[in-house]
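I opened this notebook to record what I looked up, entry by entry.

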Amino acid sequence: MSNIVESRFEVRGMTCASCQAHVERAVRELAGVDRVEVNLMTNTMKVRFDPAVISHSTISEAVSSAGYTAVAEDGADGGGAAADAPAALTAMQKEALHLKKRLLSSVIFAVPLLYVSMGSMLGLPAPGFLQGTAGSMNSGLLQLLLTLIVIFINREFYISGFKSLRSRSPNMDALVALGSGAALLYGIVVLFQMNNAAGAADMERIAALHHELYFESSATILTLITVGKFLEARSKAKTGDAVRQLMDLAPAVALVEREYAVVEIPTSQVRPGDIVHVKPGSGIPIDGVILSGTSAVDESALTGESLPVDKEAGDRVTGGTVNQQGFLRVTADNVGSKSTLARIVQLVEDASGTKAPVASLADKVAAVFVPVVITIAIVTFIIWSIASRDFSLAFSMGITVLVISCPCALGLATPMGLMVSTGKAAKKGILIKSGEVLELAAETETILLDKTGTITAGKPEVTAVLLVEEAGAGGAGAGAAEAEALRRETLLSLAAIEGQSEHPLSLAVVSYVRELYPEAELPEVKAFRSLTGRGISGKIAGQEWHVGSNRLLVENTAAENVSAL
């Protein structure tokens, strides 16, 4: 395979680890496929293949033959998952909402069904039309009607389950469909027997058969499995929060020069070469080079460095960072899926979609799990039939084996763990390349750091204050009270000046002074100026104040006092 490419597909119809294993096997057996990874958590599949040997349509057809649907996600611009992440997350949320409605509808009919079928066992009162011999027949018919409604609400189990059986790749839904369907059919057979007994006026037979109705089991199975499906879908939607927050770092709209005017357009429509305006305090929507303007840019979201970086014409800026002070005109170059932020999101998604070595065992088990469970259920039914001579008891045991053996956790545990951990790590500025790397991290004994200042709280704090008096301002004989008054006046004035800026160092100074003098009122600042790259200045009570770099202070200090700096 000389010209290997990688494509992503959305796979629809997967419900358990067995589904995942069947899809992987169907695609892996195709000629020209180098590697395939199916992620049950995100319902996606990554395939490395030789386009000279096999095409997207052939891969989709192979998945369809296995009983599922595969749709290529790759766009014309090579966007990939990063560009489609918001849509994928919305799909997860919609699925959770759909299952919530399905669950509530099931409960509405399952609760009265349980009351009708089991209320008398608990000593609960029953309506008159459900009492006596005729009541037993009415109860059976009412249970059948309520069960059919619950089955219709949860018909997706039957559609998916029997479809997987036809393709000879049974999944978890097949277990649910077989278990609940068998209970339904057995109940219908019992109803016919009750009808025959009624025709023969055999009241004892009717009473005995009434206890062999399993309609409530069929409906309860579907309702309880739907509870699990809903919790699973809700977990999927929540685990995507970290990726969503990464995508939200970049503004949704950008100000772009268009024919001598500045227009607001979606960031996705910005093209390389466009000139983008970035106002103070705004997020930078794209990667590019500053055409004009100077500012300080907060890059902490991407680099972890808490202090802003000074930028001027010719410097690069990255989408997802924040322009703090000056106005910038930026020439866009890397946009869309090629931007730094999109590549980071792609890396996080790829990491959550890769398989850790520990997942291979679950895949091997899941591939044969459902057929083995069906076989065990049949054997259980036969053994109990012979041992107990009670068909109803044996039938109940067989259904129990089918229903309690749902293998969904096999396929979800590892992918969900990977998605949560890689997403949470990305929010804290730690990028994990793959599931294998994450698993190996458990064996880490020593961490080597090669850059000073990276491991910080991410928020600067004032640790000490040193005041240098100007010549003749105080002298060695100044008392403690005078020194404290000078210190208080200086710090309050400093906090007043710094309070006009949003620079992290300014915020740290203001916080320190506020904590030191909580009741004090800050003086009024006039003629405030932000000197990008150097500091800030302003007037307090007619006196000029300069706060910032050593260069700024040297420029605005009398020659005889420069040595004190």
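Predicted model: local features only at pLDDT ≥ 70, side-chain atom pairs only at ≥ 80, totals over all residues.

Residues are numbered from 1 along each chain as its sequence is written, and side-chain values use heavy atoms, with hydrogens and water left out.

Entry: whole chain. I found 18 helices and 16 strands; these are DSSP runs (helices H or I, at least four residues; strands E, at least two), numbered from the N terminus. Of the 565 residues, 42% are buried (buried is under 20% relative accessible area, exposed over 50%, partly exposed in between, with a 1.4 Å probe and protein chains only).

Entry: salt bridges. I took a salt bridge as a side-chain nitrogen of Lys or Arg within 4 Å of a carboxyl oxygen of Asp or Glu. The count is nine.

I looked up Glu-6 and Arg-35, whose side chains form a salt bridge at 3.8 Å, N to O. Glu-6 is in strand 1 (residues 5–12) and Arg-35 in strand 2 (residues 33–39), so the pair ties together parts 29 residues apart in sequence. Glu-6 is partly exposed at 38%, and Arg-35 is also partly exposed at 41%.

Next I looked up Arg-102 and Glu-156, which meet in a salt bridge at 2.8 Å, N to O. Arg-102 sits in helix 3 (residues 80–118) and Glu-156 in helix 5 (residues 155–166), 54 residues apart. Arg-102 is buried at 6% relative accessible area, whereas Glu-156 is partly exposed at 37%.
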